[in-house]
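Dear colleague,

I am passing on the structure below, together with notes on what came out of it. Please read the notes alongside the coordinates.

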Amino acid sequence: MTPQYNNIHLVIMAIEGGAQKMHISGCDMYARLHKQGLIHNYLIPCYEELHTQSKEWLVDTTVEALKNWEAAK
């Protein structure tokens, strides 16, 4: 699946918003999301559902998912 512009925009919002919420750099947030597979296994495939929510909800859900996926490994 080749991500479209909107999908990429959603991923960037999740990365930057999550980084701010967690008080880390965007690079660190990207690395953690990428390592867990959240970008290609959650954010991009679930775009249709995720883009209908608020930015705050997206950020909160992304951070929660990251912490849960990291804890599970």
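Which residues touch the most other members of the largest nonpolar core? They are Met29, Leu33, Ile39 and Leu43, in a core of 20 residues, where a nonpolar core is a set of buried Ala, Val, Leu, Ile, Met, Phe, Trp, Tyr and Cys residues joined through side-chain atoms within 4.5 Å. At least two residues of this core come from each of α1 (5–22), α2 (26–36), α3 (38–43), α4 (47–50) and α5 (55–72), and α1 gives the largest share, 6 residues. As a general background, nonpolar side chains in soluble globular proteins tend to be buried together.

Before going further, please note that this is a predicted model, in which local features need pLDDT of at least 70 and side-chain atom pairs count only at pLDDT 80 or more, while totals for chains, interfaces and linings use all residues. Residues are numbered from 1 along each chain as its sequence is written, and side-chain values use heavy atoms, with hydrogens and water left out.

On the overall fold, the protein has 5 helices and 0 strands, and its pattern along the sequence is α-α-α-α-α; helices (H or I, at least four residues) and strands (E, at least two) are DSSP runs, numbered from the N terminus. The protein is as compact as a globular protein of its length, because its radius of gyration of 11 Å is close to the 11 Å that the globule rule gives for 73 residues; the radius is taken over C-alpha atoms, and the rule is 2.2 Å times the number of residues to the power 0.38. The C-alpha trace spans about 25 × 25 × 20 Å along its principal axes. Among contacts (heavy atoms within 4.5 Å) with a separation of 6 or more, 65% are between residues 24 or more positions apart.

As for the surface, the protein exposes about 4,700 Å², of which carbon and sulfur atoms supply 54%, with areas from the Shrake-Rupley method with a 1.4 Å probe, where for residues only the protein chains shown count as cover. Buried residues make up 38% of the 73 residues, buried meaning under 20% relative accessible area, exposed over 50%, and partly exposed in between (1.4 Å probe, protein chains only).

Ile15, which lies in helix α1, is buried, with a relative accessible area of 9%.

His23, in the loop between α1 and α2, has a relative accessible area of 74% and is exposed; its phi is near 60 degrees, a positive value in a residue other than glycine. His40, in helix α3, counts as exposed at 52% relative accessibility, and its C-alpha is separated by 21 Å from that of Lys21, 19 residues apart along the chain. Thr52, in the loop between α4 and α5, is exposed at 54%, with 25 Å between its C-alpha atom and that of Ala31.

With best regards
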